[in-house]
Amino acid sequence: MATIIAMTALELTKDQKKALCAGVCRGVCDAFHLDINISSMMLMPTVPEECHSPSATDQITYFIYTGPGKPDEQKSALVKNVYDATVEVVGYKGPFKVVVIIKEHADNNVGVDGVLRVDAKKNGTFKV
């Protein structure tokens, strides 16, 4: 399972938003060998010019939340996949414009459908 939150100052069309969400989610799931059906991405609305610093212009930052234990090779693949998917949709905007932050969380720090992940593993209802 992975949850992806993206924040950007880029002006994107509806089609670009759809393509970006699909491509990035696929890239994350491919890198981490996850089922795309239990992963999600949310693209936050464009941040108005008055609400970001000049360095954030044309930048997109991804916060990717996932379970612990992913090897560095998978994390490297994830960062490359997310970068490639972003550039494919929005084009190259210059250096330092695609930022990926990976946040791993322990099973006792996430719950789904009202059940803590650690409890779901104990009672055998945890699927992935």
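This is a predicted model: local features need pLDDT of at least 70, side-chain atom pairs count only at pLDDT 80 or more; totals for chains, interfaces and linings use all residues.
Local features were taken at pLDDT of at least 70 and side-chain atom pairs at pLDDT 80 or more, while totals for chains, interfaces and linings use all residues. Residues are numbered from 1 along each chain as its sequence is written, and side-chain values use heavy atoms, with hydrogens and water left out.

Strand S1 spans residues 2-8 and strand S2 residues 40-43. Helices (H or I, at least four residues) and strands (E, at least two) are DSSP runs, numbered from the N terminus. S1 and S2 pair in the parallel sense over four bridges; pairing requires at least two DSSP bridges. Ala6 stands opposite Leu43 in S2. Together with helix H1 (residues 14-32), the two strands make a right-handed β-α-β unit. Right-handed means that, with the strands pointing away from the viewer, the path from the first strand over the helix to the second runs clockwise.

Lys70 lies over the face of Phe32, at 5.2 Å from the ring centre. The criterion places NZ of Lys or CZ of Arg within 6 Å of the ring centre and within 35 degrees of the ring normal.

The second largest pocket has a volume of about 160 Å³, the space filled by probe spheres set on grid points joined across faces, edges and corners. A pocket is an open set of points on a 1 Å grid over the protein atoms alone, where a 1.4 Å probe fits, with protein on both sides within 12 Å along at least five of seven lines; lining residues have an atom within 4 Å of a point. H1 supplies the largest share of this lining, five residues. Helix H2 (72-90) supplies at least two. Among the lining residues are Arg26, Asp30 and Glu88.
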